Amino acid sequence: MDTNALIAVMVALPIASALFLNLLDKKDRTIKILAIITAIVIPIIPLLTPYGSHFFGGYVPLAQNATLAQGLPSLITGTQLFQFHPGIMYVFTSAQQLMVFVLGLITFFAIFTFLNETKRPSGVYAFLMFMGTASVSAILLSDDIFNIFVFFEIAALAQVGIIVASGIKNNYETALKYILLGNIAGPLLLLGIVILLGVTGNVNVTDMIFTFKQGYVDPNSPVILMSLALITFGWLYASGLPPFHTIKSAVYSKALPHGAALLQAFSVFTLVAIGIIILRLFSYNPFTNIAIIGISVIAMILGITMAIVQTDYKRILGYLAVGELGYIGIGLGLGTAFGITAGLFQAVNEAIITSFLFIGFGTVLYKTRTSNTRKLGGMMYVNPRVALLVLLAGLAMAGVPPLNAFQSKLMLIQAAIQSGLPELGIIMILLSIVTFMTFMKAFYTIYMRPKPKELEILDNKIPRSTVISLVALLIICIILGLFPQIATNSLQTLAVGLV
Amino acid sequence: MSFYDIILKRIRKIQEKAEEEPITNVTASAMLTAELTLIISVLVAVVMVRLIHPVLMIIMIAAVLVIALMAMPIMPRLRREQNDDLNNMMFYVVVALGIIVALFYWGNLNV
């Protein structure tokens, strides 16, 4: 057996399981067993898979096929045809391994919490969660830009489904708005891809870069610049950067806590995956990096300032999550190996911490059925242990040592200073302080101030699985905070390759 | 009018414009923090214009300061604009698309 086929299994397994779960709706016990087995296996596969490439249909480039390459005329071996990738290719390196593993881990915690917090788990809901995970894994692995677009669309539909399934007030409206905005961004992204296909004759990113480097296509031609603009616009929608920050925060607030934890992980890893594609294709153009930094700074400022003035804690978290995306963007935009490593590390940390926060604050919704901070208070007495875990999650997001985001934010600030942009370091420090203040404001109103008389606290006990998930996420935060090299060593190779 | 009175007047204005819901200490201080964060972050970001030209940076900082002082309080307006209304969202999406295409297309060709 070709061991690299496991690369495709990372996408195929959640899709197969999702389709099967969809058929099993209303068979509660079978759904629980199948969903939990799939959720356990998903993060294990990337750990067992050797690094390499997977060529769908076995269509290897001629240059890598010794049998076919033998005796070919120089007319073929001396041209682009010899390097050309005839089929869809997935690439699996240490960076993809870490990111697919973390995504799988978050999927596991989301599924684990969902199955225990819901009396009658829905097979359709599990289907949507696994389809989203499969799509984002494919976006992280694929070297084929059209394949990425297909999974970008599937991920968007899965996200809409997760919102619709939440049953939260006005969720249908938010889902409809998200899909309508996607109807603008999606086709424009596709148009950008089509332009690149028309000009280079390829959809494989490696082949496109080869075309640029060999001078077959002028990378500064107006058509290519238009394609860059359109792909960047699609990237903003997929990741929730401005002008899509408002709808993205609304999307998080209209999903159930475990769904929101997964949705933000989708946004983070899509931002990274498409961001890397943009850097690989267009980093020859210095304006690309300036644009990424500009958009990221706007995302940070808008996300965090809008979070302060919200009164719904899910919306606060939604805006903070958008603001934190800006840190990742700055790392990518700096364009240095150290900066990109810091940005990727921040992405891994943010996905973990925001899931931690969504699941943690989700316990408040579970006990009170409200997310309005004006109506909340006194939750510290209800479950002090969960309150402590949520507090630690907030400290992690703000970048307090020895937790993980401290390391990645410190690296980002160092990278900004090394790149001759200390102003970015100042903005990141300032906004980290404000993030901490915003979190503490929400924490105080929910947990520390006296309980309002009209607040009704339900008798249902917080499931042990939720507390286990929170403790496990805290342990991951501490491990990555104390030993950041576990992540940075894996991400560095990819970052060096992009410079 | 002393400088203190000007600040006090502005704070009262912010409290009035904060939102239609009842104003509490938390909402007023949150709005004020957001206002200050927004202005300071934008000012620090504008310092990066020094990479293009130091004189341009000084002009832009002065311009941002004047605009900020004249437009204060900014956050209540920003909050009203950044709402969940589809028309607003569509408007900003189209504006952003225009800016991105113009910057990438003409910016690269002419700078």
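This briefing covers a helix pair, a nonpolar core and a chain contact. The model is predicted: local features need pLDDT of at least 70, side-chain atom pairs count only at pLDDT 80 or more, and totals for chains, interfaces and linings use all residues. Residues are numbered from 1 along each chain as its sequence is written, and chains are lettered from A in the order in which they are written.

**Helix pair in chain A**
- Helices α11 (residues 245-253) and α12 (residues 257-282) of chain A pack at about 150°, with axes 8 Å apart.
- α11(A) is therefore roughly antiparallel to α12(A) (angles over 145 degrees count as such).
- Helices here are DSSP runs (H or I, at least four residues), and axes are lines fitted to C-alpha atoms over the stretch in contact, with angles from 0 to 180 degrees between N-to-C directions.
- From α11(A), A:Lys248, A:Val251 and A:Tyr252 meet A:Ala260, A:Leu263, A:Gln264 and A:Ser267 of α12(A).
- Four of these contact residues are nonpolar, two polar and one charged.

**Nonpolar core**
- The largest nonpolar core has 198 residues, and A:Phe269 and A:Phe356 touch the most other members.
- Such a core joins buried Ala, Val, Leu, Ile, Met, Phe, Trp, Tyr and Cys residues through C-beta atoms within 7 Å; buried means 20 or more other C-beta atoms within 10 Å of a residue's own.
- Beyond neighbours within four places in sequence, A:Phe356 is in contact (C-beta atoms, placed from the backbone, within 7 Å) with A:Ala393, A:Ala396, A:Leu470, A:Leu473, A:Leu474 and A:Cys477.

**Contact between chains A and B**
- Chain B gives 32 residues and chain A gives 37.
- On the side of chain B that touches chain A, α5(B) gives the most, with 14 residues.
- That side of chain B has 24 nonpolar, six polar and two charged residues.

How values were computed:
Helices (H or I, at least four residues) and strands (E, at least two) are DSSP runs, numbered from the N terminus. Angles under 35 degrees count as roughly parallel, over 145 as roughly antiparallel, 65 to 115 as roughly perpendicular and the rest as oblique. Two residues are in contact if their C-beta atoms, placed from the backbone, lie within 7 Å. Ala, Val, Leu, Ile, Met, Phe, Trp, Tyr, Cys and Pro count as nonpolar, Asp, Glu, Lys and Arg as charged, and the others, Gly among them, as polar. A residue is buried if 20 or more other C-beta atoms lie within 10 Å of its own, exposed if 12 or fewer, and partly exposed in between; C-beta atoms are placed from the backbone.
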